[in-house]
Amino acid sequence: MTATTERPAAFNVPASVELELTGKCQLSCGHCYNDSGPQMSHGTMTLDDWRAVISECAELGVGNVQLIGGEPTAYPGWADLVDHALSVGLDVEVFSNLYHVTAKGWAVLSQPGVRLGTSYYSVNAGEHDRVTNVAGSHAKTRANIIEALERGIPIRAGIVRCHDGQLEELARQELLALGVHHITLDDARGVGRGSGGQAPTMDALCGNCTRGRLAVLPDGTVAPCVIGRWLGSENVKAQGGLRGVLSSQAWAETAAGIPPKRTATGACPPNDSNDCDPSNTPACVPKYDVAPGPASLGACTPNDSNDCDPSNTPACAPAYGVAPVPVLLGGCPPSDSQSCAPTETPCNPAFAL
Ligand code: SF4
């Protein structure tokens, strides 16, 4: 499909572009916006196609690109694309499930200008694995989060609420304790496998789509973001490339049809994003650059300022006699001492840093 010839006078250059390299993934998360899994393909974008898009991003003044999927490191040549993006002056985020990272992969990720993003679902291994549908995924992802931290690679994590009762807050506490300070919480979106077979609606979008961000899908389609994938129509492989898409009337109409941000402040809403957490790209600067305070989650840490004595709220304090969540779930979380001692649960202020 080609960009329409009638063009608006100008277009906004996005701060961040999501490059969805592939639909292939070792995991098969139930909420995945992309229906990703081992059976999916890399799409039709060649390595040269992706290199051209990255070059054009730099020429247009895009600040950074995010390699996402699927699992972006499953795409042959992903490391070359990281190198190419760095060579043209772009910052790079690789949003990986961190299920498996090779020695070469660690070397690529350790370069200056490269950041990591990942998804994490629960402090409880079984609960995490039920989201990903792969046994043992929690242990591997957790171990690689620790390795990334030990290597000094900037890393953030997105926690996606997939079902009632999920231990997302304890997951956040655990990540903080491990040393991950950029953590966001989001609700699963009704897109892809997360839609339950229903057609997606605008309710799935945060409102930032096309406003500072966009996505290029594995077939070259340009979409408002990876969540708003069904709204894409133009293709970077058409004559005119990304610039042609952004300056097309079709793109302007797509942007105009997206409801504005839902928060009074205009900031990215707390439930902005899905899964592989695309909405937390730097386009969402208020969330991306500042680790969200626990108060926004109703958490029980020293930073929870609602009552000046947060650790003693009934939900958190061992003294209140509330059964520790691990007991409810049948086991202490990985970061606990296995003793299930209340003082070592993530609600303990000392534990929570
Ligand atoms: S949500 Fe991410 S990790 Fe899970 S299947 Fe989709 S692409 Fe893979």
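Predicted model: local features only at pLDDT ≥ 70, side-chain atom pairs only at ≥ 80, totals over all residues.
Residues are numbered from 1 along each chain, as its sequence is written.

Let me begin with the overall picture. The protein chain has 10 helices and eight strands, where helices (H or I, at least four residues) and strands (E, at least two) are DSSP runs numbered from the N terminus. Of its 353 residues, 48% count as buried; a residue is called buried if 20 or more other C-beta atoms, placed from the backbone, lie within 10 Å of its own, exposed if 12 or fewer, and partly exposed in between. If we take the contacts with a separation of 6 or more, 68% of them join residues 24 or more positions apart, a contact being two C-beta atoms, placed from the backbone, within 7 Å.

Now to the interior. In soluble globular proteins, nonpolar side chains tend to be buried together. Here the largest nonpolar core has 73 residues, and Leu 19, Val 65 and Leu 67 have the most contacts inside it; such a core is a set of buried Ala, Val, Leu, Ile, Met, Phe, Trp, Tyr and Cys residues joined through C-beta atoms within 7 Å. Leaving aside residues up to four places away in sequence, Leu 19 touches several residues, among them Trp 50, Val 53 and Val 216.

Trp 50 and Val 53 bring us to helix α1, residues 47-60, whose buried residues are Trp 50, Val 53, Ile 54 and Cys 57. Why do they lie on the same side of α1? They cover an arc of only 95 degrees around the axis, which puts them on the same side; the arc is that of the directions from the helix axis to the C-beta atoms. What covers them includes β1 (16-20), β2 (64-68), α2 (78-87), β7 (213-216) and α7 (241-246). After α1 comes Gly 61, with a positive phi near 100 degrees.

Helix α6, residues 168-178, is mostly covered, since nine of its 11 residues are buried. Gly 179 follows α6, and its phi is positive, near 120 degrees.

Let me turn to the backbone in the loops. In the loop between β2 and α2 we find Gly 70, and the peptide bond from Gly 69 to Gly 70 is cis, with omega near 15 degrees. Two residues that are not glycines, Asp 35 and Leu 98, each have a positive phi of about 55 degrees.

Finally, the ligand. There are 15 residues around it, and Cys 25, Cys 29, Cys 32, Ser 36 and Asn 97 come nearest; a residue is near a molecule if its C-beta atom, placed from the backbone, lies within 6 Å of it. By class, this shell has five nonpolar, eight polar and two charged residues, where Ala, Val, Leu, Ile, Met, Phe, Trp, Tyr, Cys and Pro count as nonpolar, Asp, Glu, Lys and Arg as charged, and the others, Gly among them, as polar.
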